[in-house]
Amino acid sequence: MKKSAIIIGSGIGGLSTALRLLSKGFDVKVYEKQNTIGGKTNQLVNEPFTFDLTASILMNKEIYKEVFSYANLDYKDYLEFMKVDPTYRCFYHDGIHYDFTRDIVSLIKTLESVSVKDSIGYIKLLSEVYERYIIANDHFLQKTFKNPVDFFKPSSIMSAFKTKTFSTSYELISKYVKDEKLQNFLCYQALYVGISPFEGPSIYTLVPVISQLYGLWHLKGGMYSYVKALEKAIHNFGGTITTNYNVDEILISDGKAVGIKSKDNEIVLGDVIISNADFPYTMDSLIKSDNHKGKYTANKLENMKYSCSTFIIYLGLKKKYPQLSVHNLYININFKENIDFAFTGILPTAPSFYLYCPTRIDNSMININGECLSIVVRVPNLFFNNVIWNENTDRFLRNNTISALKNIQGLEDIEENIVYESYLTPHDLKVDFNSYGGTAFGLSPTLNQTNYFRPHLKSNAVKNLYFVGSSVHPGPGVSIVLLSSKLVTQEIMK
Ligand SMILES: Cc1cc2nc3c(=O)[nH]c(=O)nc-3n(C[C@H](O)[C@H](O)[C@H](O)COP(=O)(O)OP(=O)(O)OC[C@H]3O[C@@H](n4cnc5c(N)ncnc54)[C@H](O)[C@@H]3O)c2cc1C
């Protein structure tokens, strides 16, 4: 008889694990509390505009493809990748902008326009971080660490030293690149895992470096096309996904996970239970007895570090803005101070932000001659209870952001061309997706909360219970969560 797997949550982690297990012969049922699937990687449709709700930057294309080849499927039957070039257009408050192209010849031209010294430094930084990435990928990202011996063996320790993560992203970047504009461009991307570039380990400089060396991609229809592709493949294998199904408890008997109970007291039994719901939320709410939480009791959760959150403005525009590229950054005055605010419980007054305008290359996301624009600002998570999230907060952030946006040459009239506008707040992330503390990226990937020190994929306290997603090993980001699904499937197959 087939083994059965129950997956709580249809985020990227839940769906990709479902597909992998189905391809290994499991009977898989996914239960999702929302009425749509995808979790935070979701979609906001307001005709004629289609927005990706959160994730938009597609790095590590090969990992996206690997999920399909793992299931013996041809990704081309499901997905259409489009090249993004320039990878970024970076605007600065003083009116200057730079394009960071895939083409090394024009990239060097841009860098030399800053200074030859910075251009040489930039290339040296790429080279050093590239080497660290190869080591991290071989020794940490693609491995699980269940026991201390797995992590503390000499080869892992040697590799950890070679990744030289002990300085901050800013310290590493500024060692090679002296120009402040280039530094800020690189530092902003190290923020993508929700950790400060001025405090977080320098390993996260691999974000800008991978984007440059492996390129960025767009999926036709937006990032949500990946969710739809997984859904189609899951259905083709006979898996089921039930939406509007709020799981209330993971049922545990004799130290073994045996099923789930819904908010309506329905019980479903299974051989393995995998929670894709945010790990600290799972520990706090779905596992009822302290005996089954291992070390992740309320006290431990309270003392862990959490990533920052985001405030997103979605604008439907009735005019084309060729001044924008697909991925853009706006670096405002007092960059460091305003970034630090997101980690110290203060709202930014001069926000720097990421701008996503997929309709620059993808007409399938719009039905008029206009643009879909998402503006993503880093803000404190809900553990900072001095920030009250209400309409005034939204307005404050919205007005500061739009007035900065109007500094970009050619975007001065943007406010007159808005025909749709809405926001996503940390509160929405908490209420809609049970993101613990309303964070954007789950547990912060600090040195003390990565690799062996990050929550493991297999419960140490309860048999047949597994976890997948941003807050467990290897960490946040769509491609990293896809790796998490590969590792958890390997654990289950063992
Ligand atoms: C603003 C923002 C921007 C981002 N940008 C990028 C980007 O550009 N590129 C990138 O690679 N990554 C990006 N990320 C990160 C990426 O979106 C996440 O790492 C990824 O989507 C997380 O997937 P997941 O499977 O871990 O969890 P989730 O998406 O959180 O999925 C968990 C699922 O579990 C469900 N659930 C929770 N509790 C229950 C319950 N009790 N019963 C039933 N279901 C439940 C939730 O509703 C949800 O669907 C971004 C994230 C945010 C927030």
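This briefing walks through the ligand site, a surface patch with its helix, and one asparagine. The model is predicted, so local features need pLDDT of at least 70 and side-chain atom pairs count only at pLDDT 80 or more, while totals for chains, interfaces and linings use all residues. Residues are numbered from 1 along each chain as its sequence is written, and side-chain values use heavy atoms, with hydrogens and water left out.

**Ligand site**

- The ligand is surrounded by 37 residues, each having a heavy atom within 4 Å of it; the closest are Gly13, Glu32, Lys40, Thr41 and Ile57.
- By class, the shell holds 16 nonpolar, 17 polar and four charged residues. Here Ala, Val, Leu, Ile, Met, Phe, Trp, Tyr, Cys and Pro count as nonpolar, Asp, Glu, Lys and Arg as charged, and the others, Gly among them, as polar.
- Several elements each supply at least two shell residues: α1 (12–23), α11 (279–286), β14 (309–317), α15 (426–433) and α16 (478–493). Helices (H or I, at least four residues) and strands (E, at least two) are DSSP runs, numbered from the N terminus.
- In the side chain of threonine 41, an N or O atom is 2.8 Å from a ligand oxygen atom.
- Backbone N or O atoms also face ligand oxygen atoms, at 3.0 Å for serine 56 and at 3.4 Å for glycine 39.
- On its own the ligand has 1,000 Å² of accessible area, and the protein covers 95% of that (Shrake-Rupley method, 1.4 Å probe).

- Tyr130, Ile134, Leu213 and Tyr214 make up a nonpolar surface patch, with about 350 Å² of accessible area together. Patch residues have over 30% relative accessible area and no salt bridge, and nonpolar side chains (Val, Leu, Ile, Met, Phe, Trp, Tyr) are joined within 5 Å. A salt bridge is a side-chain nitrogen of Lys or Arg within 4 Å of a carboxyl oxygen of Asp or Glu.
- Helices α4 (116–141) and α9 (206–214) each supply at least two residues of this patch.
- Leucine 213 belongs to helix α9 and is partly exposed, at 41% relative accessible area. Buried means under 20%, exposed over 50%, and partly exposed in between (1.4 Å probe, protein chains only).
- Seven of the nine residues of α9 are buried, so the helix is largely enclosed by the rest of the structure; among them are Leu206, Val207 and Ile210.
- Glycine 215 follows α9 and has a positive phi, near 85 degrees.

**Asparagine 338**

- Asparagine 338 sits in helix α13 (residues 335–344) and is buried, with a relative accessible area of 3%.
- A polar atom of the asparagine 338 side chain lies 2.9 Å from the backbone nitrogen of alanine 350.

How values were computed. Polar contact = N/O pair within 3.5 Å; in protein donor to acceptor, adjacent residues only side chain to side chain. Patch = residues over 30% accessible without salt bridge, like charges linked within 9 Å, V, L, I, M, F, W, Y side chains within 5 Å.
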